[in-house]
Amino acid sequence: MAASRSPQIRARKRPQQHRSNELVEAVLEAAVQVLMAEGARRFTTARVAERAGVSVGSLYQYFPNKAAILFRLQVDEWRRTTALLSGILEQRDLPPMVRLRRLVHAFVRSECEEAAIRLALADAAPLYRDAPESAALKEEAGRVYREFVEEALPDAPEEVRHRAGDLIKMTLGQVGASFSATPQTEATIVAWSDAMADMFVAYLGALRGETR
């Protein structure tokens with residue numbers, strides 16, 4: 001029995017003109033609205049095209065199927081998050097632990113603010129979860145954490161640094177997703193962020209002590 005093929009998730013082409021860019025932006029904005037209103041299971045290109053006020057044929061010029069649209073929304077979300085994290089962790093004029101605390105607070109707040117779209121996209125993840133493009137984007141996020149830990153723990157073995165970076169990344173992701181699944185107050189967001197930041201700072205401090 002032949003293995004099932006994954007749907008094409010790459011856009012057909014990039015918009016080159018202002019009008020084309022406007023069409024793509026309209027499609028993506030409509031896609032968010034349809035996703036939030038209907039959920040991933042009832043998400044269709046026809047519904048997106050109707051909401052965007054464009055023909056299905058025009059939509060297909062740029063997105064071959066619904067998986068490509070949903071993947072683009074996910075990519076945009078991943079890139080926003082990675083840019084946020086990079087912007088904080090690369091502020092080398094600040095001590096590493098200060099940056100780490102700012103990172104935790106920014107990440108948790110971002111998870112709470114984007115919880116609705118993130119949860120909706122989670123239902124669509126099977127469409128592109130195993131795609132090479134997904135792996136490449138996740139690897140970029142992992143690189144940001146590993147480079148920060150290399151700076152924070154310059155004397156630690158490479159294996160220890162990689163493990164620490166992956167642990168921080170995975171913990172933030174899992175806790176952030178679980179925590180933001182229900183509405184949270186400002187005070188609760190701050191309290192949880194402080195608690196996680198304390199945990200990470202203590203962890204890296206212990207590793208630093210072990211390598212001296």
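Predicted model: local features only at pLDDT ≥ 70, side-chain atom pairs only at ≥ 80, totals over all residues.

Q: Thanks! Where does Ser193 lie?
A: You'll find Ser193 in helix α9, which covers residues 186-210.

Q: And is Ser193 buried or exposed?
A: Ser193 has a relative accessible area of 0%, so it is buried, the cut-off being under 20%.

Q: Switching topic: how much space lies in the largest pocket?
A: The largest pocket holds about 880 Å³ of space. It is lined by 25 residues, and the closest to its centre are Gln74, Trp78, Arg118, Lys138 and Gly173.

Q: Which helix gives the most to that lining?
A: That would be α4, with six residues. Helices α4 (66-89), α5 (96-113), α6 (115-124), α7 (132-152) and α8 (158-179) each supply at least two residues of the lining.

Q: What's the lining of the largest pocket like by class?
A: There are 13 nonpolar residues, six polar and six charged.

Q: Now for rings: how many aromatic pairs are there?
A: The count comes to two aromatic pairs. One of them joins Phe71 and Trp78 in an edge-to-face arrangement, 6.5 Å centre to centre with 80° between the planes.

Q: Is Phe71 buried or exposed?
A: Phe71 counts as buried, because its relative accessibility is 7%. Its partner Trp78 is among the residues closest to the centre of the largest pocket.

Notes: Residues numbered from 1 in each chain as written. Heavy atoms only, no water. 1 Å grid on protein atoms, 1.4 Å probe; cavity = no way out; pocket = protein on both sides within 12 Å on 5 of 7 lines; lining within 4 Å. Points joined across faces, edges and corners; volume = space filled by probe spheres on them. Helix = DSSP H or I, 4+ residues; strand = E, 2+ residues; numbered from the N terminus. Nonpolar A, V, L, I, M, F, W, Y, C, P; charged D, E, K, R; others polar. Buried < 20%, exposed > 50% of the residue type's maximum accessible area, 1.4 Å probe, protein only. Phe/Tyr/Trp six-rings, centres within 6.5 Å; stacked < 30°, edge-to-face > 60°.
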